[in-house]
Amino acid sequence: MELFNNHKKLFWAALGLFVFLTLFVALIPATKNQEQNAPLPGYKPLSESAIRGKNSFIANGCVACHTQQVRNVDMDKIWGDRPGIAADYAGIERTDFWRNTATLMGTERTGPDLTNVGKRQPSLAWNLLHLYQPRVVVPTSIMPAYPWLFHEKTEVDSTDVEINVPQEFRKGQTGKIVASQEALDLVAYLQSLKQVELPTGQPADDFLYKKETNPSTPQNNTGGILPDLPNGELLYNNNCASCHQANGGGLKGAFPSLKGSPIVLGDDIELFVNIIMLGYDARPEYAVMNAVGMNNNLSPEEVTAIMNHERTSWGNDAKKVSVEEVKKVMDFIKLTAEK
Amino acid sequence: MALLVVARAKKTLKWFSWRKELNAFNEHLANLTQEEIIALEKRKAQLEYELSGEELAGKLAINDERGIISEVSIADELRFVSQKKKSQPRPLVEPKLTKLILWFLGSATFWLLFGTTVGEYLGIKFVAPDVDHVSWLSFGRLRPVHTNSVFWGWASLAMLGLAYYVVPRVSNVAITSIRKGYQTLVLINASVVIGTICLMAGINNGGGEYREYIWPVMALFGIGVIITISNFIKTIAKRTTKEIYVSNWYIIAAMMFVLVIAFIAYWPTWQNGLGETIIQGYYMHQGVGMWFMLFSLGLMYYFLPQQLNKPIYSYSLGILAFWAQILFYTLIGTHHFIFSAIPWWLQTVAIVGSAGMIIPVVAGTTNFLLTFKGAWNKLKDSYTLPFYLIGIIFYFTGSLQGTAEAFRFTNLVWHFTDFTVAHSHLTMYGIISFMLWGFIYTIVPRLTGKEAPQITIGAHFWLALIGLMFYTIPLMYGSTMRGLMWMSGVPFIESVELMKPYWLWRAIGGSLMWISHLLFAYNFYLMLTRKSLPRIPKTAIEVLAARKVLIEEQSKQQ
C-alpha cells in the first residue's frame with residue numbers, strides 16, 4: 001500500500017491522527033475549562049505569607065503524598081464539606097514564567113488530603129510541632145521531619161515563635177527551638193486551605209457511592225433509653241486525637257492531658273461544650289485550642305459521643321451526659337454566634 | 001445353600017476345561033512340523049532384535065566427511081547453572097556507530113544505577129522516616145529525582161541508543177549522521193543532570209508527575225529528540241528497502257508524539273486552573289504509553305524475530321496494534337482524575353479508551369507469543385530471550401491491569417493508594433526495563449565481540465524478577481486493604497499503620513532489584529572490557545591455520 005511505503009505519508013498520517021485526538025481530549029477541554037470558570041464569590045486570594053508558604057510546599061514536593069481534591073464519592077466526605085468543583089481551582093494561575101500552574105491536586109494519598117486542612121487543623125502550635133517532627137504528635141506517622149525550617153536560639157525575642165519539643169525528639173538541641181519565617185509561611189499556607197462556601201442557594205454536588213445504611217437498626221423513640229449515639233471513639237480520633245493523643249495523655253507543654261481533667265470530669269457541661277465548640281485559650285502553658293466543633297460542624301449527637309468517650313476512657317470515670325443537655329448549650333452558642 | 005452348590009459346580013467345570021486345553025497343547029507340542037518350528041524361530045529372532053551399533057558405518061572407522069558434527073561438548077564436571085548458547089558473530093557494525101551506541105547505553109546504565117539507588121533510599125524512608133534530616137534528601141524532593149532519572153536518563157537513553165542500531169539496519173543504509181547522535185546524547189544527559197540538581201535544590205515545575213523538571217531543562221531533552229528524529233527520518237528516506245519496516249513506524253511515531261506532548265505540556269503561557277490538570281493527565285499518560293511503550297514495542301518488532309531466527313508471526317497484527325494504540329491510548333490520560341472536578345464526559349472518554357486498549361495489547365501480545373510458537377526450544381538455550389518473554393508477559397498483564405484500574409468502582413478502592421506505584425513498576429520495570437535489558441544483552445556482544453558471564457546475567461534476571469514480585473504483590477494486597485479501609489471510614493492514621501509491613505516488603509523487593517542493577521552494570525562493564533586470553537587452537541581448522549602461519553613464519557625467517 002502506498003501509504004505504508006511512503007515515509008512522508010505514513011508519518012504525517014500517524015502524527016495527524018494523534019494531534020487530532022489530542023485536540024479533543026486535551027487542548028480544547030483544557031482551554032475551555034480555563035476560560036469558562038471563575039473563582040467563587042467567597043474566594044480569598046492567598047496572603048503574601050501564604051504565597052511564600054505555597055512555594056515552599058511546592059519546592060519540598062509535598063504533593064507527592066498529599067492530594068488537594070475532594071472527589072464526589074462518599075469516602076471523600078471526611079476531607080471536605082462538598083465535592084470539589086472546577087471553580088475551586090479557577091483562581092490558581094501559573095506560578096511564574098518558569099514554573100507551571102500548581103493546582104496541587106496530587107495523585108497519591110500516602111498522607112491525608114489537605115483541601116480543607118485549614119479548617120480541620122488550624123492550630124499554629126500543632127502545625128509547627130508537626131513540621132519539626134511529625135512523630136511528636138502522631139507517633140505512627142511516616143511523614144518526613146523538617147527540622148531545617150527551625151533555628152536553635154539561646155534567647156527568644158518577642159517576635160519569635162518558639163515550639164515546645166519533648167526531650168526525646170530534640171536530638172541534642174539544648175536551646176530554644178524557634179520557627180523560621182519559612183515554617184511560619186508554610187503553616188500560613190496550610191491554614192489558608194479551606195473549601196470556599198458555595199453562594200447561597202446553589203446546591204453542592206452529591207457524594208456518590210453512599211454507604212448503605214442498615215435499615216434493620218431499631219428506631220429509638222422510646223422514652224427513657226439513651227438513643228443510639230455515633231461512635232465516640234472514632235469521632236475523638238478524627239477530631240481530637242491529633243493534639244490530645246489517642247490515649248488522652250496530651251503533650252507536655254503543648255496540649256493538656258484529658259486524664260483526670262477537671263473540665264472533662266466535672267459537672268460544668270456548659271464550659272465543656274463551649275471549649276469543644278469554640279476553642280480555648282485560658283492557660284498560657286498550653287497552646288491555643290481552635291474552635292474544633294464549629295469548624296467541623298459537629299452535631300449535638302457527635303459532641304455528646306465525644307464527651308462521653310472522654311468521660312469514660314483512660315481511667316476517667318464520670319457520669320455520661322445526655323444529648324438534651326448538650327443540645328441546650330449548643331443552641332445557645334448558635335444563638336449568640338448568629339448575633 | 002443353592003448359591004454355594006452353583007459356585008462349586010462352576011469351579012469344577014472351569015478346572016475340567018483347563019485340563020482339556022492343556023492336554024491338547026501337549027499333543028500339539030509333540031507333533032510340531034519342521035515348517036512350524038522354522039516359523040517360530042524366525043518370530044523369536046524378530047522379537048529379540050537389537051541394533052548392533054554398526055549399522056551406519058559398518059565395520060569401518062567413523063568418518064564425518066561433511067563436518068556435520070560440531071560443537072561437541074563433554075560434561076566432565078557437574079554444572080551449577082545450565083550452559084546457554086553464546087552470542088553468534090554478526091557482520092561488523094561501523095566502529096564509529098558502535099562507539100556512539102555504547103555511549104548511549106553506558107549513560108543509560110549510569111542513570112539506572114543512580115535513579116534506582118535513589119529509589120531504594122526512598123523505599124527505606126517509608127520504613128525509617130528519620131534516616132536523615134537533610135533538605136536536599138527529603139522525600140518530596142528525591143521522589144521526582146528517582147522517577148525522572150529512570151525515565152529520561154535510563155529508559156530514554158537506552159531506547160535511543162538501541163534505535164541507532166535498529167533504524168539503519170532495517171532501512172539497509174548507514175545512519176545519516178553520527179555527530180547528531182552525540183549532540184542528542186549530550187543534551188539529554190545535561191537535561192537529567194541539571195534537572196536532578198534543580199529538583200534537589202527545590203526548583204520544580206509545580207507538582208505534576210514526570211513534569212517536575214522546569215521547562216528550560218526539559219527543552220534540552222526535547223531539542224535532543226528533535227536532532228535525532230531528523231537524523232532517523234533522513235536515514236529512512238534514503239532506505240534501500242521498498243517498505244518501511246514496522247519497527248520504524250513505532251520508533252518514529254514515539255519520537256514525534258513525545259515532542260508533541262512535551263510542547264503542549266511545557267508551553268509556558270497557559271494552563272490556569274483545571275487546565276493544568278487536564279493537560280497533566282494527558283501528558284503523563286502519553287509520556288509512558290506513547291514514548292516508552294511505543295518505542296520499546298518498535299524495538300521488540302526488530303529484536304524478537306531476529307533472536308528467534310524467524311519472521312514476525314503477523315505483520316498485519318503489528319500494523320493493527322499500531323493504529324489501535326494511537327486511537328485508544330491518546331484518550332486515556334484523564335483516567336488519573338476520575339471523580340475529580342474535571343468534566344465528567346472527559347472522565348468517561350478516558351475509561352472507554354482504557355477499555356479499548358485491550359485491542360492493541362492483545363494484538364501485540366498474540367503476535368509476539370505466536371512468533372515464539374515453534375521456537376520455544378530456543379528459550380532454554382538463550383540468556384537473552386527470557387528477558388524478552390518476561391517483558392511480553394508483563395506487557396499483557398500490566399497493561400490489562402491498567403485497564404482494570406480505570407473503571408469507576410476500582411477507582412474507589414485503588415485510587416490514591418500504592419496500587420498505582422505497584423502498577424507503574426510492573427509496567428515501566430516489568431515491561432520496559434526487561435525488554436531493554438534483553439536488547440542490550442543481545443547487541444552489545446555483537447558490537448564489542450565480548451560477552452558477560454552467563455552466571456551473572458542469570459543472577460541479574462532472577463534477582464530483578466523476584467525483587468519485582470516481592471515489591472509489587474505485597475504492595476497491591478496492602479493497598480487494596482487500605483482502599484477498603486478508607487471506604488469503611490476508619491481514622492486515616494490506621495491505614496498508615498496497616499501499610500507498614502507491606503512497605504517493608506517493598507523495601508526488601510526493591511533491594512533485590514537494586515542488587516540486580518549492580519550486576520547489570522558489572523555485566524555491561526565486562527561486555528565492554530572483558531579480556532579473554534587468546535584461544536589455543538583446538539579444532540582441526542584452527543590447528544591447520546596455526547600450522548600454516550608457523551610454516552609461513554619459518555619460511556620468512558629463512
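Predicted model: local features only at pLDDT ≥ 70, side-chain atom pairs only at ≥ 80, totals over all residues.
**Entry 1: the interface**

I began with the contacts between the chains, and I find 93 residues of chain B in contact with 79 residues of chain A. I then looked up the area buried between chain B and chain A, which comes to about 7,500 Å², and I note that carbon and sulfur atoms give 67% of this area.

Next I asked how many salt bridges the rule finds across the interface of chain B and chain A. The search returns one salt bridge, and I traced a salt bridge to the side chains of Arg135(A) and Asp130(B), with an N to O distance of 2.8 Å. For polar contacts, I record 23 residue pairs between chain B and chain A, counting pairs in which both residues are at pLDDT 80 or more.

I searched the whole structure for cavities of 30 Å³ or more and found five. I took up the second largest cavity, whose volume is about 320 Å³. Its lining holds 32 residues, and those nearest the centre of the cavity are Val63(A) and Gly106(A) from chain A, with Gly207(B), Gly208(B) and Glu209(B) from chain B.

By class, I divide the lining of the second largest cavity into 12 nonpolar, 14 polar and six charged residues.

**Entry 2: the second largest pocket**

I turned to the second largest pocket and noted a volume of about 1,200 Å³. I list 36 lining residues for this pocket, of which Tyr43(A), Lys44(A), Leu46(A), Ser192(A) and Lys194(A) lie nearest its centre.

Which helices of chain A each supply at least two residues of the lining of the second largest pocket? I find H3, helix H4 (86-89) and helix H8 (181-192), and among the contributions to this lining H3(A) gives the most, with five residues. Its classes, as I record them for the lining of the second largest pocket, are 14 nonpolar, 12 polar and 10 charged residues.

Key: Residues numbered from 1 in each chain as written. Chains lettered and ligands numbered in written order. Heavy atoms only, no water. Contact = heavy atoms within 4.5 Å. Buried area = accessible area lost by both parts, 1.4 Å probe. Salt bridge = Lys/Arg side-chain N within 4 Å of Asp/Glu carboxyl O. Polar contact = N/O pair within 3.5 Å; in protein donor to acceptor, adjacent residues only side chain to side chain. 1 Å grid on protein atoms, 1.4 Å probe; cavity = no way out; pocket = protein on both sides within 12 Å on 5 of 7 lines; lining within 4 Å. Points joined across faces, edges and corners; volume = space filled by probe spheres on them. Nonpolar A, V, L, I, M, F, W, Y, C, P; charged D, E, K, R; others polar. Helix = DSSP H or I, 4+ residues; strand = E, 2+ residues; numbered from the N terminus.
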